[in-house]
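Keep the viewer open and follow the stops below in order. Each stop says what to select and what is there.

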Amino acid sequence: MALRTAGAPDYLGLLCWLKLKLVWRTVTRRTSAAIGAVLAALIFAPASVFVALGCYWGFHELRPQMAEHLLRGVLLAAYALWIMSPILGYAITEDYDIAKLLVYPLSPRMLLAGVALGSVVDFGVLLLVPTLVVVLISFSAGAASFLIAGFALVLFMLHTVLLAQAVNLAAAGILRSRRGRDILAVAIPLMMTVFYVVSQSLPHLAERGLAWSEFLESPAWKALSFLPSGLAARAIGAASRGVYPPALFYLGLLAVVSGATLYLAGWLVGLVYVGEAGSAAVRPKRERAAPARPRKEREAARHTWLSSRVPPAIAAVAEKELRYLVRDPFFKATIAQTIYMLAVFAVMLFQMAHGGRSAHAISGGFLWGGTGMLLMVQSSLALNSFGPEGSAASLLFLFPCSRREILIGKNVVLFLGLGALNSVIATGLCLAAKQAQVLPLILIWTVLACALFVGCGNIMSALFPFRIAMKGWVMRRSASMGCSASLAYAGAMLVIGLLMLPVAAALVVPTYWVSRLWLAATIPVAFAYVASIYVASLRMTEEILREREPEIAARLAEAD
Amino acid sequence: MIPQPSTDAVVATNLTKRFGQMTAVDGIDLAVAEGEFFGFLGPNGAGKSTTIKMLCGLLRPTAGAIRIAGYDGQTQPLEVKRRIGVLLEEVNLYERLTGREFLIFAARMHGLALGEARERCSDLLELLELADAKDKLIVDYSMGMKKKTAFAAALIHHPRVMFLDEPFNGIDPISVRAIRNVLRQLTEHGTTIFFTTHVMEVVERLCTRVAIINRGRIVGDGDLAELREKAKAGGESSLEDIFLKLVDARVDEETLSWL
């Protein structure tokens, strides 16, 4: 065959093809993914159009100066979301990993152009298009203002996409490191908690006289308006009013910032080329000093104490679970979500109290219901106790110990962990609601409900196991968690709720409706009831495991 | 022909596994004697890993019977698991434990006393050159280190039968030598090694008997001389030649014309 000389490859076309293909495959690789994508489009596309229509209404109904402030706000929100998305883990997908492209003869500039162009087909970017079109229509008073608005939006988009990629690249090393992901798994839900509390507090602040005009004149808002989103809005606003010199000035400033971003992003891609950043980087790891001797001795003493009192397999599983509870981001994320739910409860309590309801009546109901609801939030821990094992479940099932011992080892740690956490939360709630007199009963309720949940969770864990793992700060469930399993989960929650009723009745009825003296009889009965359910659950689960271990291991080994 | 169960550590009879329409393992019969170093070879997708997973109880056979160390694989799975050590091709470890913690965990799950577990753990970490990394989390280990840790965990309770699926993949030559020596020592003490690899030299050097599986069926079983005879290969032919003949591999002499 004769040697064929080809022209320069169309790298940009190839990169765009790759991006489109990978996005398409991500959506179509499984029916569930395709359904998810369609559902997301059905939910978010109307939402995107709704936001665009809202903006259209605002741009036309508000005074021109306020309309420009609205534009600044809209572009700022889009800007923040875009820049934050790689940190939140959404943009860290296979198609974004330019480190995989480093083996091909592509220049850094070409890589950057490909990445920036590829971003245009991202879901988040597409959702922004209706709003950008509305901006263009609303702020174009003539050909000149149309051109300036269009140019400003293109520059803004270019800058934002490039900066998002720069953040992605700069953060890649941190985000893909174990420690980085562990920190994010806890930090993001906590950030969401703060966001939720602030967003719920704003209307109350507004009611108390937060003046928007004061806010718009504040130094913070003025400073934010000098971000690229603000520069674009200023240029567009000025052009729409026919004031062209400042419009061109802000456009020029935006062009300079965009140029600088291009330079920064190009520099970062260059760094990836020489292996100093991104996932391709190989950094020498700092050697950790050997742990101090006393710690080792303490550990040894703990081992001896534990192992002399319980069968070795229970102790081994319990110790392993305890270490995972401390080290696995999944558990930390679940606890962070519990705190998030707690914040939601607190805000609801505050709002209801603010609405004039009796604080005593509210807190009474919330204390019992809220502490029970905490367990529902933590259900992913109890109802899928083999889930975090993932493919290591096959290793666990290779051990020759009795399955009851494995279950007890897991249950003890989960019960103690959740019981302790929920007891602390319940104590805090009782004290905050000035209901210290019911604290002992609430603690008994918390402990019993937790034991019941863990017991029922054993059966569900064996019947409907699914792999669960942290991807960034997001908990990912395996494909096997399909519709039938989701229905089973809903059913299980209902059954657990029903099983909890006698326990709640044993504590609530004597306390509020009969006589507290009855508690002396009802509390032991409640303990016996929960213990019998737990023992029965152990037997059933052991039987299920005996029958289904290979299937459970195979299901847990499934890829996400 | 299946030898007497009393002397065999691993016996599989008519072992079959189907995944939907696809038959991965098609009614194979195997018998591996105690203390034997048994090589289980086959091309990619031939059914080696599926067979090992069925033998150690991680995959339910569609049909057939399994006996390991005299115990029935389906009715006495815990008795079987007490006597085996398994190193699978895909290494599944508790990555949030340190190497030392994991090995002690594995030892105690097999019922070893804590002191004994610690002692064996230290010995294995030293032998496999993992001592310096013993307090690092496994998630931070390299693939080779993970494999060595998995091997140590499979060995720590001194099993009677070891199933090793591609044990030398990704392991440095120093550790390969150490592992080989340990395996030899194990067989001298009566442990049976059931071993898969694609490296024919290793099989020739270590294994006392070899079975070759292709498309789910055993196409050859015996020592090197018996396999030569079965493949009708010459007296000087290597295991690689025998293997290629038995799996009916079409190795084209033609190369890429554009190279």
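Select Gly85(B) and Met162(B): Gly85(B) stands opposite Met162(B) in strand β7 of chain B. The model is predicted, so local features need pLDDT of at least 70 and side-chain atom pairs count only at pLDDT 80 or more, while totals for chains, interfaces and linings use all residues. Residues are numbered from 1 along each chain as its sequence is written, and chains are lettered from A and ligands numbered from 1 in the order in which they are written.

Next, select residues 192-196 of chain B, strand β8, which pairs with β7(B) in the parallel sense over 5 bridges. Here Val161(B) is opposite Thr192(B).

Now show the side chains of β7(B), residues 161-165. Val161(B), Phe163(B) and Asp165(B) point one way, Met162(B) and Leu164(B) the other, and all are buried (20 or more other C-beta atoms within 10 Å of the residue's own, with C-beta atoms placed from the backbone).

Move to chain A and select helices α2 (residues 31-61) and α5 (residues 123-138). Their axes, lines fitted to C-alpha atoms over the stretch in contact, are 8 Å apart at an angle of about 20°. That makes α2(A) roughly parallel to α5(A) (angles under 35 degrees).

Technical notes: Axes fitted to C-alpha atoms, helices over the stretch in contact; angles between N-to-C directions. Helix = DSSP H or I, 4+ residues; strand = E, 2+ residues; numbered from the N terminus. Parallel < 35°, antiparallel > 145°, perpendicular 65-115°, else oblique. Buried ≥ 20, exposed ≤ 12 C-beta atoms within 10 Å, placed from the backbone. Pairing = 2+ DSSP bridges.
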